[in-house]
Amino acid sequence: MDAKTQKSELTRTAIVGAAMNFALAEGLEAITLQAVASRLGLSKSGVFSRVGSREALQKAVIEEYGRGFLADVFVPAMQKPKGLPRLNDIVARWIARTRDVEMHTGCLYMAGAFEFDDREGELRDVLFDEITRWRAALRRTVMLAVETGELKADTDPAQVVSEMNGVMMTQLHDARFLRDPQAADRATQTWQRLLSSYLA
């Protein structure tokens, strides 16, 4: 990679990062090319030349958030044996990320879902695809725990995933809004009690 290309990529990374800060603080609709350009000391045309339209930048933010989320929560857990060790590791990492990251910034998946729940369009579709892929990965992980015989044979993976998501939403609500310092501990206890109802 030559110096010019490297500088361009670094600038694009900074642009997406600044846009993500807007999205986490004020919502995806708060992202504008001018606002990002002003924050970074760039021209609006300079931002456009690196990321394209406002909607392209919004999509880039959703995709980058998804990459970071999976890198923290899902990818490391794949090193664990399939079944309960992997499922528990995913949940533990999800709780930790919610405590260490989203507690301070908010969760783009959850906030974005509320922001776009009653809208149609390509941006909603991108967010929908990211979230449904994550849910599908979780369902597969639950199914593997059923196949290993660690969870009951009649376990409904979609139900487990829905309940997992409820635990995380509650943790985020309690940590950010109620400012409960024990929100993560409560989430861990809730998950353990939930899991016990499915153990074979």
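Helices here are DSSP runs of H or I at least four residues long, numbered from the N terminus. With that in place, I can start. This is a predicted model, and I will go through a few places in it.

Y65 and F69 both sit in helix 4, which covers residues 54-73. They are four residues apart, about one turn of the helix. Both of them are buried. How are the two rings arranged? The ring centres of Y65 and F69 are 6.3 Å apart and the planes are at 25°, so this pair counts as stacked.

Now a second pair, W94 and W134. Their ring centres lie 5.3 Å apart with the planes at 80°, so the pair is edge-to-face. W94 belongs to helix 5 and W134 to helix 7, residues 122-147, so the pair ties together parts that are 40 residues apart in sequence. Are these two buried or exposed? W94 is buried, because its relative accessibility is 4% and the cut-off is under 20%. W134, at 5%, counts as buried too.

In total there are seven aromatic pairs. Y65, F69, W94 and W134 are part of one aromatic cluster, together with F74 and Y109.

Next, helix 5. This helix runs over residues 84-105, and I95 has its place there. I95 has 5% relative accessibility, so it is buried. Which residues does I95 touch, beyond those up to four places away in sequence? They are M168, Q171, A184, A187 and T188. The C-alpha atoms of I95 and L172 are 9.2 Å apart, although 77 residues separate the two along the chain.

R86 is also found in helix 5. R86 is buried, yet it has no salt bridge. What is the nearest side chain of opposite charge? That is D89, at 8.2 Å. What the side chain of R86 does reach is the backbone oxygen of K80, at 3.1 Å. Setting aside neighbours within four places in sequence, the contacts of R86 are A77, M78, K80, P81, T141 and L144.

Last, helix 2, residues 33-40. Its buried residues are L33, V36 and A37. Looking down the axis of helix 2, these buried residues fall within an arc of 100°, so they line one face of the helix. Just after helix 2 comes G41, with a positive phi of about 70°.

To recap: the aromatic cluster includes W94 and W134, R86 is buried without a salt bridge, and the buried residues of helix 2 line one face. That is all from me.

How values were computed
Residues are numbered from 1 along each chain as its sequence is written. Side-chain values use heavy atoms; hydrogens and water are left out. Helices (H or I, at least four residues) and strands (E, at least two) are DSSP runs, numbered from the N terminus. Buried means under 20% relative accessible area, exposed over 50%, partly exposed in between (1.4 Å probe, protein chains only). Contact means heavy atoms within 4.5 Å. The arc is that of the directions from the helix axis to the C-beta atoms. Lys and Arg count as positive and Asp and Glu as negative; His and the chain ends are not counted. A salt bridge is a side-chain nitrogen of Lys or Arg within 4 Å of a carboxyl oxygen of Asp or Glu. A polar contact is a pair of N or O atoms within 3.5 Å; within protein, one must be able to donate a hydrogen and the other to accept it, and residues adjacent in sequence count only if both atoms are side-chain atoms. Rings of Phe, Tyr and Trp (its six-membered ring) pair if their centres lie within 6.5 Å; planes under 30 degrees apart count as stacked, over 60 as edge-to-face and the rest as tilted.
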